[in-house]
Structure formats: structure tokens, C-alpha cells
Amino acid sequence: MALPIEDYAIIADTQTCALVGRNGSIDWLCVPRFDSAAILAALLGHDENGHWRIAPAGEYTVRRRYRHETMVLETEFETAGGVVRLIDFMPPRSGPPAVVRIVEGVRGQVDLETVLRLRFDYGKVVPWVYREHDSLVAVAGPDAVWLRTPVALHGENLATRGTFTVQSGDRVPFMLTWQPSHLPEPEAIDPVHQLGVTEGYWRGWVSACTYEGEWRDAVVRSLLTLKALTYAPTGGIVAAATTSLPEKLGGVRNWDYRFCWLRDATITLQSLLFSGFQSEAIAWRKWLLRAIAGDPAELQIMYGVAGERRLDEYQATWLTGYDGNPVRIGNAAADQFQLDVYGEVMDALHQGRRAGLKADDPAWGLQVQLMEFVEEHWRDPDEGIWEVRGGPRQFTHSKLMAWVAADRAVKAIDEFGLPGPRERWERLRAEIREDILTKGYDPERRTFTQFYGSSELDAALLMVPLVGFLPADDERVRGTVAAIEEHLLVDGFVQRYTQRHDVDVDGLPPGEGAFLACTFWLAGNYALMGRQEEARETFARLLALRNDVGLLSEEYDTETGRLVGNFPQAFSHVPLIDTARTLTSCLAPTEARAREGLR
């Protein structure tokens with residue numbers, strides 16, 4: 001089995017990324033794109049499915065960090081004989097994708113070993129390996145990899161191995177480059193020069209961050225993670241770097257997240273936009289217009305990083321899975337109808353205009369078409385935000401986001417003078433609102449419910465005040481928060497919805513971790529309700545779940561104390577940024593008054 005999920009970090013080049021373990025092993029690398037086949041896949045199987053480890057030969061302790069405000073990873077190994085530093089990074093893409101690893105001697109003398117097992121096509125294909133000039137070359141089918149290093153290497157049991165000794169002041173580089181096998185040998189790169197280029201790229205990018213609040217370090221790390229999950233050529237933003245990391249160890253809830261969900265991408269866009277990154281917002285909007293061009297009825301909930309629509313799902317049966325879980329490639333949920341994405345797209349484009357993006361761009365014509373679809377189909381059942389596989393229902397959250405679509409359409413006309421049937425959309429907004437309050441709210445239990453006619457709860461309804469449907473001090477919001485606290489809050493973290501054997505909403509066996517985004521939403525609700533101490537405590541509890549380099553997965557298993565789900569997860573880092581901003585704005589007046597009282 002691979003390392004615990006929290007023991008991984010990522011390095012990225014804005015087109016793909018790699019997962020690096022605390023033990024110095026790269027266990028996941030897809031090239032040339034996030035959703036390409038992995039050439040290192042031990043994360044979802046065994047070492048034989050592909051990994052690249054550089055570490056001391058004997059016992060050691062580990063410390064690691066990212067270099068200040070970059071995606072350059074430093075792992076320090078301390079042995080009885082000394083200390084070495086392993087620097088891992090991927091240069092920003094300007095040619096073939098490359099992974100650079102530099103071992104630096106810090107103190108004393110350390111004996112190390114490197115083991116590289118390349119396995120193309122998700123750990124299935126063993127390549128032919130041979131030497132060419134100063135490179136070791138691995139080739140199979142369409143894939144070719146070049147490895148350059150001054151370390152003497154040899155083949156053993158279908159792996160490439162080498163041992164070497166590093167003393168204080170030494171620097172030993174390894175450069176791995178991929179490109180299609182029909183192309184000639186890629187140019188060699190200078191590892192030290194590329195290290196400087198990579199550091200400069202990330203620090204230059206994040207210098208645009210406008211957030212200066214109490215939680216800046218956490219916000220900046222999350223922003224860097226979101227940028228690392230962005231496919232630069234198109235502006236598409238993937239939901240996570242991985243596929244099939246389980247939401248419950250040993251369970252079946254595990255999916256391929258290396259695609260662009262409209263929902264995830266829109267909220268990511270807003271976080272980047274509100275943090276000062278307009279160029280990403282512009283690139284994403286262009287990606288959106290290309291991806292969903294055509295009939296709004298054919299809008300998908302997710303696309304490939306270049307806007308591809310066919311994301312057929314299959315199981316990679318030759319991989320044993322992270323914890324015996326099935327390994328899925330592709331995602332069948334792409335064919336689902338999820339009404340809420342129309343609201344999220346409308347909201348993101350509206351917030352973009354508010355933030356200064358052009359108000360007279362072609363996006364409005366697309367939004368008018370989306371609104372025509374919403375007008376005709378908002379009453380239809382759907383699979384909802386949680387992508388249930390138990391059949392469509394009248395999910396309350398989906399209706400809420402249909403209301404958001406109508407609300408933002410009306411406001412676009414009012415605030416920016418855009419053309420459209422304002423009175424008709426205003427009536428639609430009022431009709432959806434009345435429908436939600438009548439059918440989606442249980443007055444006896446004083447809570448919104450998961451779907452119409454249901455008694456079940458859904459943490460997605462914590463979005464009610466966050467999207468402006470009702471104020472946070474409304475008794476229906478307070479009642480919903482109280483019900484979620486009583487029934488979905490487990491050991492301080494929020495479950496998505498009720499999961500019992502006698503309640504079959506999603507068509508899957510019950511059992512998963514607490515959904516981190518939902519707990520962030522709860523903290524945001526606390527802040528808006530004036531429950532500042534609880535907001536702070538909840539936010540601090542969430543921040544404590546980040547691993548040693550500040551990364552979060554999708555969920556947290558309160559029983560085992562483990563991060564679970566795909567990693568790192570945009571849908572966890574985005575609400576971290578949003579909640580920090582909410583808490584900063586809500587706490588500032590309170591703390592100012594407290595300071596005044598002390599004078």
C-alpha cells in the first residue's frame with residue numbers, strides 16, 4: 001500500500017503534476033497532461049506499477065517544506081552520518097514536461113540510493129530501457145522518457161538503480177524528461193538554472209495576491225495549489241491531481257477527479273478573482289465559453305482540460321487500488337444532469353463583471369441561452385451537487401442554485417445595463433424562491449431538507465446565506481445550521497448528508513469521511529451569524545488537518561484521523577480561501593470595537 005495520503009506533496013508545471021512522498025518517492029506522475037496516462041502509478045498499486053525514489057540507504061528522519069511561496073519542495077533527510085536536502089520541482093512548461101531532483105549535502109556525509117521503475121499506461125507497460133549518449137532512455141509505444149544524471153546507474157529486476165554518497169556542499173542532479181517516442185532526444189536542461197526560473201515563476205505569480213489578513217500563509221498556499229491545478233494552455237482547472245483515492249478506506253466511493261468540473265472551476269475562479277488574479281479569471285472564462293458552446297441542453301457538469309466532452313469511465317483492473325479500492329479512469333458522472341451548475345456559472349460570470357472584467361463580452365449571449373434553459377427545466381429532477389448514482393430527485397440545493405441563476409441574471413441587467421427580459425426573470429426568481437420555501441423547508445423541524453418531501457438533511461444547504469438567498473440571522477438559516485450541528489456534525493466535522501442503510505439516496509453503500517468543504521461552509525455561517533468564537537474554532541480545526549506542507553484532500557476520516565479522497569482537492573482549498581476572507585471581514589469590526597473598548 002502507498003503512503004498515507006497526508007504524506008504526499010505535489011510539484012507542478014501548470015500542465016500536470018507529480019505526487020512526492022515523505023520517503024522521497026514519486027508515486028504518481030501523468031504526462032503530458034493531468035488526465036494523461038500515468039508513467040508512475042505506485043500510488044494506486046505497488047512499487048511494480050511505477051515509482052521513483054531517492055532517499056538515504058539506512059535509517060533517517062524527515063523534515064520537509066515548500067520554499068517560500070513556491071511549488072518547489074524541499075525534503076531534508078537526517079541520518080547518523082549527516083543531513084541531505086532533496087529538492088523536487090517541475091520547471092514551468094516551455095518544452096517537454098520534466099521533473100528535476102537535486103540532492104544537496106547539508107552536513108556530514110550520507111549514502112543514498114535511487115530506484116526508478118517506469119511503467120507506462122497507468123503502471124501496466126514495462127518499457128525497453130537503453131543508453132544513448134549521456135542519457136538513459138525508456139521507450140514503449142507512444143511514450144519515451146530520458147533520464148540524465150552523473151550518478152552511475154544499472155538495471156536490476158526491471159528497475160534502474162544507483163547508489164551515491166553526498167557530502168556537505170555537494171550537489172547531485174537528476175533530470176527526467178518525457179516526450180512522444182517518435183520525436184528526437186529532448187534538449188538537456190540546466191537543473192540549477194531551472195531551479196531559479198521555477199522559484200521566480202511561482203513567487204512572481206503569487207505576488208499579485210491582495211489578501212493580507214490573519215491567515216495569509218494558509219491562503220497563499222491554497223492559491224498556489226489552485227494555480228498548480230490549472231492547465232495553462234486553456235485555462236481549465238482540474239478538481240484534483242489524482243484518481244481513485246478513496247473517500248473511505250477499503251470502500252467503493254472513489255472517482256477520477258482529473259477533469260474540469262464547472263462547479264469546482266467556477267468557485268475556484270471566484271477565489272482567484274477576489275484574491276487579485278484577473279488573468280486566470282479571463283483565461284477560465286475563455287475556456288468556459290469554448291467548452292460549453294452549443295446547445296445549453298447539452299451542457300456537461302465536467303469537461304477535459306481542453307474542453308473534451310467524452311470522458312468514458314473504465315476500471316484499471318491491473319491496479320490493486322490505494323487500499324484495495326477499484327481504480328477508475330474517466331468519469332461517468334459527466335453525463336449527469338446537475339441543475340446547480342447553471343447557477344454556479346451565472347454567478348461566476350456575474351462576479352467577474354463586478355470585479356472589473358469586461359461587461360460587454362460574448363459571455364452575456366451565452367448566459368441568455370443558459371437562462372432560457374433554466375426557465376424551461378428548473379422544475380426537473382437532477383442528480384445534484386453530490387452526483388448521486390441512485391437516480392434524480394428534486395434536490396433543494398439544485399433549486400437554490402437555479403434561484404441564483406435568475407438572481408444574477410436580473411442583477412446583470414440592473415448593474416451593467418445588459419439587455420434581457422428583466423421582468424420575466426424577476427418573476428422566475430420569485431417563483432423559484434416560493435417553491436423552495438414551500439417544498440424544501442420543513443417548518444416542524446425548522447430546517448431545509450435534502451430534497452422535496454424528504455426529512456433528510458444536506459450540508460449543501462449551508463450555502464443558503466452564502467449565496468444571498470436568506471440572511472444568516474433568518475430563523476430558517478439558524479434552524480438549518482442547528483439541525484446540521486445535531487445530525488451531520490461528527491467529532492467537529494460535517495458529513496455531506498445522511499448516510500444510512502435504510503436511506504438510499506446516492507445508490508452506494510454508506511460510509512465516507514467528513515467533507516471538508518461543508519465544514520468550511522459551517523464556519524462561514526457561524527461568522528455571518530455573529531458566532532465569531534465558534535467560527536474561529538471551526539476554522540482552526542480545519543487548518544489543523546492540513547498536512548505538513550499545507551495541503552488538503554477532499555475529506556477527513558474522523559475514526560482513523562486520516563485525510564481521504566482525491567488529493568490535493570480544489571474543492572477544499574477554495575472554501576479555505578473564501579472562509580478566511582469571510583472571517584477577516586466579519587471579525588474586523590468586532591475586533592476593532594474590542595480594541596476601542598480597551599482604550
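Colleague: The charged end of which residue sits over the ring of Trp-318?

Modeller: Lys-124 does, at 4.5 Å from the centre of the ring of Trp-318. A charge sits over a ring if NZ of Lys or CZ of Arg is within 6 Å of the ring centre and within 35 degrees of the ring normal. The model is predicted, so local features need pLDDT of at least 70 and side-chain atom pairs pLDDT 80 or more, while totals for chains, interfaces and linings use all residues. Residues are numbered from 1 along each chain as its sequence is written, and side-chain values use heavy atoms, with hydrogens and water left out.

Colleague: Over which ring does the charged end of Arg-433 sit?

Modeller: Over the ring of Phe-469, where the distance to the centre is 5.3 Å.

Colleague: How many aromatic pairs does the structure hold?

Modeller: There are 23. Rings of Phe, Tyr and Trp (its six-membered ring) pair if their centres lie within 6.5 Å; planes under 30 degrees apart are stacked, over 60 edge-to-face, and the rest tilted. Take Trp-287 and Tyr-303: their ring centres are 6.1 Å apart and the planes stand at 80 degrees, so this pair is edge-to-face.

Colleague: Which parts does the pair of Trp-287 and Tyr-303 tie together?

Modeller: Trp-287 belongs to helix α5 (residues 278–291) and Tyr-303 to strand β19 (residues 302–303), so the pair ties together parts 16 residues apart in sequence. Helices (H or I, at least four residues) and strands (E, at least two) are DSSP runs, numbered from the N terminus.

Colleague: Is Trp-287 buried or exposed?

Modeller: Trp-287 is buried, with a relative accessible area of 1%. Buried means under 20%, exposed over 50%, and partly exposed in between (1.4 Å probe, protein chains only). Tyr-303, at 0% relative accessibility, is buried as well.

Colleague: How are the rings of Trp-521 and Phe-571 arranged?

Modeller: Their centres are 6.0 Å apart and their planes at 85 degrees, so they too form an edge-to-face pair. Trp-521 is in helix α12 (residues 516–529) and Phe-571 in helix α14 (residues 570–598), which makes this a link between distant parts of the chain, 50 residues apart. Trp-521 and Phe-571 are both buried. Together with Trp-386, Tyr-497 and Phe-515, these two form one aromatic cluster.

Colleague: Where are cis peptide bonds found, and what is omega for the bond that joins Val-31 and Pro-32?

Modeller: The bond between Val-31 and Pro-32 is cis, with omega about 5 degrees. Pro-32 is in the loop between β3 (25–30) and β4 (38–40). Another cis bond runs from Phe-567 to Pro-568, with omega near -20 degrees. Pro-568 sits in the loop between β28 (562–564) and α14.

Colleague: What is phi of Ser-244?

Modeller: It is near 70 degrees, a positive value in a residue other than glycine. Ser-244 lies in the loop between β17 (236–237) and β18 (260–261), and at 0% relative accessibility Ser-244 is buried. Glu-387, also not glycine, has a positive phi near 55 degrees. The loop between α7 (363–377) and α8 holds Glu-387, which is buried at 16% relative accessibility.

Colleague: With which residues is Thr-230 in contact, leaving aside its neighbours within four places in sequence?

Modeller: Contact means heavy atoms within 4.5 Å. On that basis Thr-230 touches Thr-14, Gln-15, Phe-34, Gly-235, Gly-236 and Ile-237. Thr-230 is part of strand β16 (residues 230–231), and Thr-230 is buried at 5% relative accessibility.
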